[in-house]
Each structure stands twice: as C-alpha cells, then as structure tokens.
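Please work through each task before reading its solution.

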Amino acid sequence: MSSLAPSPLVIQLFSELLLLDQFLRNRIAKTLPEGVELSQFLVLLHLAASGDEIGPARLASSFNVTRGAMSNTLGRLERNGQISVRGDTVDARRKFVSISEQGQVTLDKVVSELNPRLRETLGKYARSDIAQCLTLLGELRESLEAGR
C-alpha cells in the first residue's frame with residue numbers, strides 16, 4: 001500500500017461526513033416551507049450560528065460561492081422576510097446581514113422536525129464529548145477552507 005494512500009480511518013471519516021451531509025440535506029429539503037430553498041436555509045443556519053451580523057462578501061467566502069451568487073440568495077431571503085439587511089453608517093457601500101424573526105421561525109421549525117432523533121442520539125454523550133466533536137469538525141472545516 002502506498003504511503004500516499006489515505007488511512008482507513010480517514011476514508012471512514014469522509015464516508016460518514018458525506019453520508020451525513022446527504023441525509024441532512026434530503027431531510028431538511030423535505031421540511032422547508034414553500035419558497036425557501038436549501039441554499040437559503042443554509043445561510044439562515046450560518047447566520048443563527050454566528051449570532052452576529054455578517055457582510056455579504058464574508059458569507060460568499062464562507063459558502064465558497066461568488067459574490068453574485070450570494071447576492072442572489074440574500075435578495076431572495078430578504079424578499080421573503082427571512083433576513084434583515086442594513087447599510088453601514090460609516091461606509092454606505094458595506095452591508096450587514098442578520099437573521100430576521102421570520103428567518104428564526106423557519107430555522108426553528110426545520111430543526112424541531114429533526115430534533116427528536118438528534119436529541120435521542122446526542123443524549124447518549126456527555127456535553128464535553130459533543131463540544132470536542134464540534135471543535136474537531138470546525139478544525140477540519142477550517143483546514144479545508146485554508147487549502148482552497
């Protein structure tokens with residue numbers, strides 16, 4: 001076996017992450033309200049998780065899409081009342097995006113549909129173990145983002 005070949009553990013990790021991603025995307029898509037697409041929901045999720053306003057350029061970078069694609073997604077979310085967009089008081093060219101009350105309602109509805117199974121599974125683990133897993137996943141994401 002070549003020393004360049006990934007270890008079985010890495011292959012298993014990739015497999016689990018990709019299968020989980022596919023499962024979540026399918027399940028979320030089934031619970032989204034009419035007019036909200038998966039890509040839009042992912043932006044809502046990101047905004048809620050950050051707990052802060054985020055600029056469109058930073059969102060585009062986080063999702064590895066063009067600014068134009070993110071602008072389109074944000075426009076749809078804003079028209080549907082899912083996000084709030086405000087201009088910078090210092091630099092009129094800059095904008096800040098945050099999740100709106102309606103966006104939070106959408107997010108809460110979808111997550112609550114998935115929550116019973118998640119709660120059952122996650123309830124088997126200590127909070128510290130889950131926090132450690134989140135740290136690892138965050139570091140993996142950051143490592144992959146740095147290698148763009």
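**Exercise 1.** How much space lies in the second largest pocket?

*Solution.* The model is predicted, with local features requiring pLDDT of at least 70 and side-chain atom pairs pLDDT 80 or more, while totals for chains, interfaces and linings use all residues. Residues are numbered from 1 along each chain as its sequence is written, and side-chain values use heavy atoms, without hydrogens and water.

The second largest pocket holds about 200 Å³ of space. (A pocket is an open set of points on a 1 Å grid over the protein atoms alone where a 1.4 Å probe fits, with protein on both sides within 12 Å along at least five of seven lines; lining residues have an atom within 4 Å of a point.) Among its lining residues are Pro56, Glu78 and Arg93. Helix α4 (67-79) and strand β2 (95-99) each give two or more residues to this lining, and α4 gives the most, with 4 residues.

**Exercise 2.** Identify the element that contributes the largest share of the lining of the largest pocket.

*Solution.* About 2700 Å³ of space lies in the largest pocket. Of its 45 lining residues, those closest to the centre are Leu17, Leu20, Leu24, Leu134 and Leu137. The largest share, 13 residues, comes from α1.

**Exercise 3.** Classify the packing of α1 and α5.

*Solution.* Helices α1 (residues 8-31) and α5 (residues 101-122) pack at about 130°, with axes 9 Å apart. In α1, Leu24, Arg27, Ile28 and Thr31 meet residues of α5 including Lys109 and Leu114 (contact: heavy atoms within 4.5 Å).

Terms used:
Axes are lines fitted to C-alpha atoms, for helices over the stretch in contact, and angles run from 0 to 180 degrees between N-to-C directions. Grid points are joined across faces, edges and corners, and a volume is the space filled by probe spheres set on the points.
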